[in-house]
Amino acid sequence: MLPFVRGYWSLHQRLALFGQAEYRYFKTTLESIDEFPITGTRKNETNGYFVGVRPGVTYFISDVIALEATLGSLGYLNSKFENDQGREVNASSFDFSLNTDELFFGLTLYF
């Protein structure tokens, strides 16, 4: 579950656009096996976060049930990891995406 805040703009009685502000934290661990010149395992960890906005549309199929779709995002991504030489690397970027990788569908219950 990710924390987010939404603002809705009604287009019709059952149709609305929304803007979603969100925050994501991630931590990944990658373990690899070196075979040449020295056999052994290496573990790399990455920590990071994303802060951004995501547009979407909501269609209410009843008074309390809605279908949702979001496409794309605009935000800031920051991550830290240790490179092969053992030095910590900090990478950051602003990102704007309308890829289908950023296409999400959902079913929402409103109480």
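User: Which side chain makes a polar contact with the side chain of Asn78?

Analyst: A polar contact is a pair of N or O atoms within 3.5 Å. In this predicted model, the side chain of Asn78 makes one with the side chain of Tyr76, at 3.3 Å. Asn78 sits in strand β5, residues 73-82.

User: Is Asn78 buried or exposed?

Analyst: Buried means under 20% relative accessible area. Asn78 has 9% relative accessibility, so Asn78 counts as buried. Beyond its neighbours within four places in sequence, Asn78 is in contact with Phe26, Asn47, Gly48, Tyr49, Asn90, Ala91 and Ser92.

User: Now Gln20. Why does Gln20 count as buried?

Analyst: Because its relative accessibility is 8%. Gln20 belongs to strand β2. Outside four places in sequence, its contacts are Phe4, Val5, Arg6, Gly52, Val53 and Arg54.

User: What polar contacts does the side chain of Gln20 make with the side chains of Arg6 and Glu22?

Analyst: The Gln20 side chain meets that of Arg6 at 2.8 Å. With the side chain of Glu22, the polar contact is 2.7 Å.

User: How do I read a pocket? Which residues line the largest pocket?

Analyst: Rolling a probe the size of a water molecule over the atoms shows where empty space is left. Here the largest pocket holds about 270 Å³ of space. Its lining includes Gln20, along with Arg6, Glu22 and Arg54. Also among the lining residues are Leu2, Phe4, Phe104 and Phe105. Strands β1, β2, β4 and β7 each give two or more residues to that lining.

User: How many lining residues of the largest pocket are nonpolar, polar and charged?

Analyst: The lining divides into 4 nonpolar, 3 polar and 5 charged residues.

Methods
Residues numbered from 1 in each chain as written. Predicted model: local features only at pLDDT ≥ 70, side-chain atom pairs only at ≥ 80, totals over all residues. Heavy atoms only, no water. 1 Å grid on protein atoms, 1.4 Å probe; cavity = no way out; pocket = protein on both sides within 12 Å on 5 of 7 lines; lining within 4 Å. Points joined across faces, edges and corners; volume = space filled by probe spheres on them. Helix = DSSP H or I, 4+ residues; strand = E, 2+ residues; numbered from the N terminus. Nonpolar A, V, L, I, M, F, W, Y, C, P; charged D, E, K, R; others polar. Buried < 20%, exposed > 50% of the residue type's maximum accessible area, 1.4 Å probe, protein only. Polar contact = N/O pair within 3.5 Å; in protein donor to acceptor, adjacent residues only side chain to side chain. Contact = heavy atoms within 4.5 Å.
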